[in-house]
Amino acid sequence: MDLDKSIVGLKGEVFVVDVEKRHVRQFAEAIGDSNPLYVDEDYSASSPYGGLITPLTYPIALASEGKSLPLQLDERRMLHGEQEFIYHRPVRPGDQLYCQMKVADLYEREGRSGMMQFLVLDTEMKDKEGEMVVISRMNIVYRPLAK
Amino acid sequence: MLAVAGLKVGQEFEALTKPPVTKVQLVKYAGASGDYNPLHTDDEFARKIGMDGVIAHGMLIMGFLGEYVMQLAGTTAEVAQFRMRFGGMTKPGDEIKCSAVVEDVYEEKGQSFVVLALKAAKSGEEIVGSGQAVLRFH
């Protein structure tokens with residue numbers, strides 16, 4: 001069954017995540033990214049950032065803690081085609097982020113194996129005051145199953 | 001590190017070549033990112049679904065590009081947008097080279113921006129991902 005346009009706007013439950021220094025360090029280490037802005041308090045404090053920040057792709061590790069959408073998706077048909085991060089300000093250790101996933105868009109395009117659907121899932125991350133910090137946008141190709 | 005003065009469309013930067021991807025790295029990335037899909041850590045599982053063995057998380061490769069973008073940005077610019085389209089697969093042993101070229105330079109509301117076109121390629125020049133970053137100068 002193909003997805004229906006009516007799912008656009010569907011939202012998951014809000015979940016709260018704490019950005020922890022140790023987790024950020026482990027994430028940077030796994031990538032092999034030794035940028036001192038993520039781990040060196042003195043260096044980052046004296047930079048224009050005024051304190052520690054996190055690697056650009058770090059929000060993906062927060063989004064993975066999220067609740068799923070009230071939506072039946074067939075994982076076998078899903079392919080993570082594109083990823084985007086839209087930053088309003090850097091994510092910092094010590095941040096407490098209020099996250100919510102929502103279906104931002106659904107569109108169709110003719111592909112090699114017939115009509116393919118593209119699903120855009122946004123995880124919005126806001127601070128305690130409700131100010132947007134970052135949006136993690138996932139573009140998913142929803143493929144027809146091979147017969 | 002980038003400087004706003006003198007940036008020209010088409011300008012290229014020194015590439016970043018990462019050490020070869022290792023299986024241990026994939027396990028570490030799985031743990032740190034929370035992506036436990038066994039396709040990235042379990043050879044037996046990967047073979048069962050028709051692969052030669054495990055492949056890297058696409059997001060790890062995006063992490064390499066993110067490292068590169070932050071190296072270029074240094075402390076002179078902040079990243080406003082960063083995206084990547086996933087292409088070919090990366091396997092343990094593959095060496096990923098990140099490169100960038102200036103796509104656009106512009107000013108908006110008194111602030112200077114640069115748009116970088118990004119590429120992650122394997123040693124054989126095969127593209128595993130392409131992307132874009134928008135940087136705002138401090």
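This is a predicted model: local features need pLDDT of at least 70, side-chain atom pairs count only at pLDDT 80 or more; totals for chains, interfaces and linings use all residues.
Let's begin with the overall picture. On the chain B side, 29 residues are in contact, and they touch 31 residues of chain A. How much area is buried between chain B and chain A? About 2500 Å², and carbon and sulfur atoms give 60% of that. If you wonder why I quote an area, the size of an interface is often given as the accessible area lost when the parts come together.

Now for the polar side of things. There are 13 residue pairs in polar contact between chain B and chain A, counting pairs with both residues at pLDDT 80 or more. Which parts of chain B supply the side that touches chain A? At least two residues each come from α1 (23–33), α3 (58–73) and β2 (77–86) of chain B. The largest share belongs to β2(B), with 10 residues. Sorted by class, that side of chain B has 14 nonpolar residues, nine polar ones and six charged ones.

Next, salt bridges: the rule finds one across this interface. Its partners are Glu82(A) and Arg85(B), whose side chains meet with 3.3 Å from N to O.

So let's go back to the strands. Strand β2 of chain A, residues 78–87, is joined to β2(B) by five bridges, and the two run antiparallel.

Methods:
Residues are numbered from 1 along each chain as its sequence is written. Chains are lettered from A and ligands numbered from 1 in the order in which they are written. Side-chain values use heavy atoms; hydrogens and water are left out. Contact means heavy atoms within 4.5 Å. Buried area is the accessible area (1.4 Å probe) that two parts lose on being put together, summed over both. A salt bridge is a side-chain nitrogen of Lys or Arg within 4 Å of a carboxyl oxygen of Asp or Glu. A polar contact is a pair of N or O atoms within 3.5 Å; within protein, one must be able to donate a hydrogen and the other to accept it, and residues adjacent in sequence count only if both atoms are side-chain atoms. Helices (H or I, at least four residues) and strands (E, at least two) are DSSP runs, numbered from the N terminus. Ala, Val, Leu, Ile, Met, Phe, Trp, Tyr, Cys and Pro count as nonpolar, Asp, Glu, Lys and Arg as charged, and the others, Gly among them, as polar. Two strands pair if DSSP finds at least two bridges between them.
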